[in-house]
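Work through these exercises with the model open. Each task is followed by its solution.

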Amino acid sequence: MKILFASAEIFPFAKSGGLADIAHALPVALSRQKVDVTAVMPLYRFVDRERFAIRPLGERLSLDLGSRRYDAELFACRFDGIEILFVHHPLLCDRDHLYGPPGEGYEENDLRFAIFCHAIVALAQRHRFTHLHLNDWHTALAAPLAHDAGLRAKILFTIHNLAYQGLFPKSSLERTGVSPRHFRMEELEFYGQVNWMKGGIAHADAVTTVSPTYAVEIQEPEYGCGLDGFLRLHRRKLSGILNGIDTDLYDPSIDDSIAATFTAERMEGKARCKRELLEDLDINKYELPLFIFIGRFVEQKGLDLLLDAMPKLLKLPLNLLILGDGEAAYAAALERLGRRFANLRIRVGYDEALSRRMYAGGDFLLMPSRFEPCGLNQMIAMRYGTLPVVHAVGGLRDTVHPIGRASKVCGLGFPFVKMEPPALLGAVEEALSLFGKKGSLEEVRRFDMGCDFSIRKCASRYLDLYRSLL
Ligand code: ADP
């Protein structure tokens, strides 16, 4: 077995969200289980070549996209024990952002990622990979292209987020080098447009989503983003494998970006992390619980609900720290509230170090996502003893269970069912009530810190799936 794992983003080279985390953690975990796996991503301009000792391979890929030829250059490095290949072509890589400025997509994204997809197929041919593991729309086109190229490799397509499907006008078929044969309802055609995600689903031997509940939800109109019928058609090859986190990377007992390390047995460090964070934020009400929110400012993450609930939420005895970036309107609305309420702090931007200090120093994580394919924040939070308050949907439903169940299942937190302010506020009140019972709070924290959300389990499931395809 020889796996090519393709993703538009891989941590720590480039990251916009959970996809990058998994695209790092899963190949690493697979290679530790003795699987021969190579990861591939574009070599964006902002990837730090020096820091990661990324070297040119002196090899080129000559890619035919319709009437035009593109020469891509190959680079590589070893990272965490695996080989990472990088595809470079100026059109694909010489940009300031991954997909576009916040809230927007580059107009040439079809051409950009078509170059990447053609490169993936060329690599698979050259190195005789037995499996292509494609992730999200950016790599989905490689599935039909692989079939056109007569590739024998098995194709696994993972949907990390169905909301982003890679939709382009029909005219883009030509410049992306896709045969018009594929422009039919059973494949790429979607209400007159080209839909890459559909191509990935149609041509894959197996399709996975990143949590079992999401695999079921997306077959329903409410969460199917227009593809529910198409997914029902392909349901026999569709399954959900819960993502995991890199528990070596997210480990409060050795994390050097936090003020003090701690473990489930020795929690003093967590209190120091909180104190340091609050001092930094210029908040002196240390005794109040600290709620955190980390994530992209987009509708998916429940920003509307949070904003609606905020006036009442902020009257409760708590502090709230929000970190994120994305749509400017959300950031502006949050900052306006930040000026009104002394117990609210807003940090706009992408800040890995601050996010870790928040996971470590927070008491509760707010994650009111409208939908959530899996969600990593809640798992990272629990690893750091920060209890999640979540909308019980998708992966959040699979990972956060109400406290007080007879049998304790991993993990515990405060799920709420209705996507409405009273439900969110009710869950927050429950959290506040637990916060008042120090012994019980510590017990739940310790329980969550002991839960196994490691990527190891997830990797074993993928390994079984790869084997089953042979
Ligand atoms: P997404 O839908 O964005 O992929 P996930 O929960 O799967 O959501 O993953 C989010 C990942 O990105 C987590 O590792 C989280 O800590 C990180 N993250 C999100 N926004 C920020 C930010 N503004 N600064 C730092 N890290 C962030």
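**Exercise 1.** How many disulfides does the count come to by the rule that cysteine sulfur atoms pair within 2.5 Å?

Solution. The count is 1 disulfide. Cys-410 is joined to Cys-451, S to S 2.2 Å. The S-S torsion of this pair is about -90 degrees, so the disulfide is left-handed. Cys-410 sits in the loop between β18 (401–402) and β19 (412–416), and Cys-451 in the loop between α17 (438–449) and α18 (455–469), 41 residues apart. Helices (H or I, at least four residues) and strands (E, at least two) are DSSP runs, numbered from the N terminus.

The model is predicted: local features need pLDDT of at least 70, side-chain atom pairs pLDDT 80 or more, while totals for chains, interfaces and linings use all residues. Residues are numbered from 1 along each chain as its sequence is written, and side-chain values use heavy atoms, without hydrogens and water.

**Exercise 2.** Which residues of α10 meet α13?

Solution. Contact means heavy atoms within 4.5 Å. The α10 residues are Lys-270, Cys-273, Lys-274, Glu-276, Leu-277 and Asp-280. Cys-273 is buried, at 2% relative accessibility.

Conventions:
A disulfide is a pair of cysteine sulfur atoms within 2.5 Å. Buried means under 20% relative accessible area, exposed over 50%, partly exposed in between (1.4 Å probe, protein chains only).
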